[in-house]
Amino acid sequence: MSKYIEENLDRDGVDRRGFLKCMAWAGTGTFCLLQGGVLKSFALTDVLRKNAGDLKGDLSFVQISDSHIGFNKAANPDVAATLREAIAKVNALSTRPSFVLHTGDLTHLSKPEEFDTLAESLKSLKTERIFYVPGEHDVLNDNGQMFRERFGRGTQGDGWYSFDQKGAHFIGLVNVLDLKAGGLGKLGPDQLAWLEKDLVRLKSSTPIVVFAHIPLWAVYPQWGWGTDDSEQALSLLKRFGSVTILNGHIHQTMQKIEGNIAFHTACSTAFPQPQPGQADSPGPMKVPAEKLRSLLGVTEVNFVRGKHTLAIVDSTLQG
Amino acid sequence: MQRWKMQQSKTARNLAAVIFGAAAVLSLVAASAALRPHSATAAQEKTGAISVSIDNFSFAPSPLEIPAGTEVTWINKDDVPHTVVSTDRKFRSQALDTGEKFSFTFQDPGTYQYFCSVHPKMTGTIIVKRAAAANPARTGSGLLANALALLRL
C-alpha cells in the first residue's frame, strides 16, 4: 500500500492527507485506483518504480484533453509539439490502450486548419480508435457543426453517444453548447432525456464511464468550472455501483468522490491554468519553460472486469 | 459626435460653477459619480473612441452609459477567444481572438445585457440614453440632484 494512505478512519482507502496530495497538481503525477466507487491514490513515481503488472486489467484506455491547437501565446508557443510529446508518451505504454478519449478543446479557435492539424497529429497514436467530445473552443462560431462533421459522425442529437467495451458502458456527453448568460456548462433537456433512455436497459452492476469537457461537478463555479444541470445527470447515475466521470477544461488534475461516483479531471496537453481562485481569472498560466512539461500530461485508465475497478494514472510530459 | 463634445464643455462650465459655490457638495458629487455607471466620455477619453475592453475574463467598463447613436467597440485583450452576444440576440460577434475587435452602433435607448457565449460567467451592460438626455450626471442639474439624493441618504 502506498505511503499516501497513512490513516484510514473511514475504511474507504483514502486518508485526508493522501486525498489532498491527490488533489494537487500533476507535478509528479497521480495514480488512482477505483474499487466499487472508492478511490485509492498513489504517487505516479511510486507506481513507475514497482512492477505495474497488477494494475493491468481487461481494458485500458487513455484520456487526453485540451490540446488547443492554434494557441500560440506565451503560456506555450508550440502546442503542436507538446501534443506530439503526449502522443509519444501514450505510444510508450507497455500495454497498448484499447482506445483514446479526447475530452475536448481539440482546437483553440475552431478553425478548419486547426482541426486538420489535430487529426493529422493523432493519426500516429497507437490505438484502435479515438473518441471525442467537444470543448467550448471547438464550437465557437457554428454551434459545433464542423466538429460533428469531422469528429462526431454517427452521434446522437448535438453530438452525444454511448458505447460498450468489455462489460463497461461509456457515455460521451456535450456540455458546451447554447450556454446561457451568467451560467455554467449545460447538458440540456434533450440530452438528459436521451441519457435516461440510454441507462434504463443497464444493470446497476454495469461499470459506467462518463466523459465530457466541462466538469460535471462544481469545481469552481465562479470561473465557470461546473455544469448547471449536472445534478440531473448524476441522479440518473446514482443507482450504479461504479461510476467514473472524466472531464477536461480546467487544465489540471483534480479528483472527488461522491457516493459511488468518482470524478477526475485531466491535464491539458497545451498549457496549464491556475488553481481555483489563485489568480484574477482562469486564463492560460505562464510558467517558467522548464516547468511547463511538468504541468501537461495524459491520463491512463485500466479497467478490471469483475472487480468493477478503474485504475487511473495521470502522467506528465516530463520524465 | 460634435454635439456630444459641446455638451462636455458645457458640463465643464457647470462643474466650475458648482466648485465655486459649494465645495462640500462637490465631494459628495464625486462620491456619487463613482457609484454611477461609467459614462461614454470616460471610455472616450482613454482611446479616442468608445470602447469596452475584454481583459482578465471581464468586460470594462460595465455598465457603460452612452447616448443613442453611439458606436461601441469591444477589444479582446485576453490570451483566449471571447464573444460579445446580446442576451436577446440583438447583436452577436464571432469569436474574437487576442487583439480582435467587434463594433455595434446602439440606435435605440434602452438597457442592453450581453455576455460571452464561450465563458457565460462574463456579463456586461450597455445603457443607451436618448441622445439629448444622456449622462445626466455631467449636467449641473444632474450634479445637484445626485448631491441631494446622497444628502438624503
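Start in chain B, where strand β5 (residues 70–76) and β7(B) pair in the antiparallel sense over 6 bridges; strands here are DSSP runs of E, at least two residues long, numbered from the N terminus, and two of them pair if DSSP finds at least two bridges between them. Look along that pairing and you'll find Thr73(B) standing opposite Ser103(B) in β7(B). Keep in mind that this is a predicted model, in which local features need pLDDT of at least 70 and side-chain atom pairs count only at pLDDT 80 or more, while totals for chains, interfaces and linings use all residues. Residues are numbered from 1 along each chain as its sequence is written, with chains lettered from A and ligands numbered from 1 in the order in which they are written.

Now hop over to chain A. There, an open sheet of 6 strands runs β6-β7-β8-β9-β11-β10, again with mixed pairing. The edge strands are β6 (161–165) and β10 (254–258), and each of these pairs on one side only. At the β10 end, 5 bridges join β10(A) to the antiparallel β11 (residues 261–265) of chain A, and Met254(A) sits opposite Thr265(A) in β11(A).

Finally, the two chains meet: 18 residues of chain A are in contact with 19 residues of chain B, contact being C-beta atoms, placed from the backbone, within 7 Å.

Note on methods. Helices (H or I, at least four residues) and strands (E, at least two) are DSSP runs, numbered from the N terminus.
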